[in-house]
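Reader: I have a few questions about the labels used for this structure. Can you take me through what lies behind them?

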Amino acid sequence: MTSVAGFADHFSGVAPGYAVFRPRYPDALFAALAQAAPTRDGVWDSGCGSGQASVALAAYFDRVHATDASAQQISQAETHERVAYQVAPAELSGLADSSVALVTVAQALHWFDVDAFHAEAQRVLAPAGVIAEWCYTLLDVPMAPAVANVVNAMDARLTSWWPPQRRHVDARYDDLAFPFARVAIGEFAMEAMWTVAQLVGYVATWSAVTRFRAANGVDPMVEFERELAATWSSAERQLIRWPLVLRVGRVA
């Protein structure tokens, strides 16, 4: 497989870590989306990465068409009998008109040509079909706020090394068009009980870390690990939370 030509791939170098260390979305989110969708026949999961959302959707829908512009991400994706993976841009799904009940985009919309993607979503969605787009920003550590402070400081240290599209996440997608009738399905957050090593692995998948390391020949993770260890406390694991920024809509 080869990635889509012209795709600015910030994740190929960390694709294995991305598959292991990225947190999982809550099952309640997918149950709510299945309830909102007009049928459970089919889903298009665009910008699927290594398939975290794709496989979760397969528990509720008969078939999941999962696409990503990065061949390396697709190569790391978890297999499932109801999930068909394809290397393809977000603006060209390869699906027939009115062929899916739901379109999802998990932490990927900011990389897309948003208007072209929305036009494609409107084409492939069945009548009354639903689109759901979500992202997450910085994490929260309820029982150890100092840990979250270290992560936030790392993010601030790397501000200039994030790709420019990151600004859309910081804006909670409020600066991106959404030409659909809004649907309320509730609020959700990812949660994980992680060791310090798992949190280090997660931060190491940040594209800003990769860009900083390549440009400077210095690994920012060394200092980060030291600071994190100093604030972790005696607990082996900490509850980590990522509130989701979610927008859901329906086609006419």
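Reader: What makes Trp 44 a contact of Thr 67?
Author: Contact means heavy atoms within 4.5 Å. By that rule Thr 67 touches Trp 44, Asp 45, Ser 46, Gly 47, Cys 48, Gln 86, Ala 88 and Ser 93, not counting residues up to four places away in sequence. This is a predicted model: local features need pLDDT of at least 70, side-chain atom pairs count only at pLDDT 80 or more, and totals for chains, interfaces and linings use all residues. Residues are numbered from 1 along each chain as its sequence is written, and side-chain values use heavy atoms, with hydrogens and water left out.

Reader: Why is the pair of Thr 67 and Trp 44 called a polar contact?
Author: A polar contact is a pair of N or O atoms within 3.5 Å; within protein, one must be able to donate a hydrogen and the other to accept it, and residues adjacent in sequence count only if both atoms are side-chain atoms. The side chains of Thr 67 and Trp 44 meet at 2.9 Å, so the pair is a polar contact. The side chains of Gln 52 and Ser 50 make a polar contact too, at 3.1 Å.

Reader: How do you know whether Thr 67 is buried or exposed?
Author: Buried means under 20% relative accessible area, exposed over 50%, partly exposed in between (1.4 Å probe, protein chains only). Thr 67 has 0%, so it is buried. Gln 52 has 8% and is buried.

Reader: What makes the buried residues of α10 line one face of the helix?
Author: Helices (H or I, at least four residues) and strands (E, at least two) are DSSP runs, numbered from the N terminus. In α10, residues 221-231, the buried residues are Met 221, Phe 224 and Leu 228. Seen down the axis, they fall within an arc of 55 degrees, so they line one face. The arc is that of the directions from the helix axis to the C-beta atoms. These buried residues pack against α6 (145-157), α8 (196-204) and α9 (207-216).

Reader: Which exposed residues does the face turned away from the buried side carry?
Author: That face of α10 carries Arg 226, Ala 229 and Ala 230.
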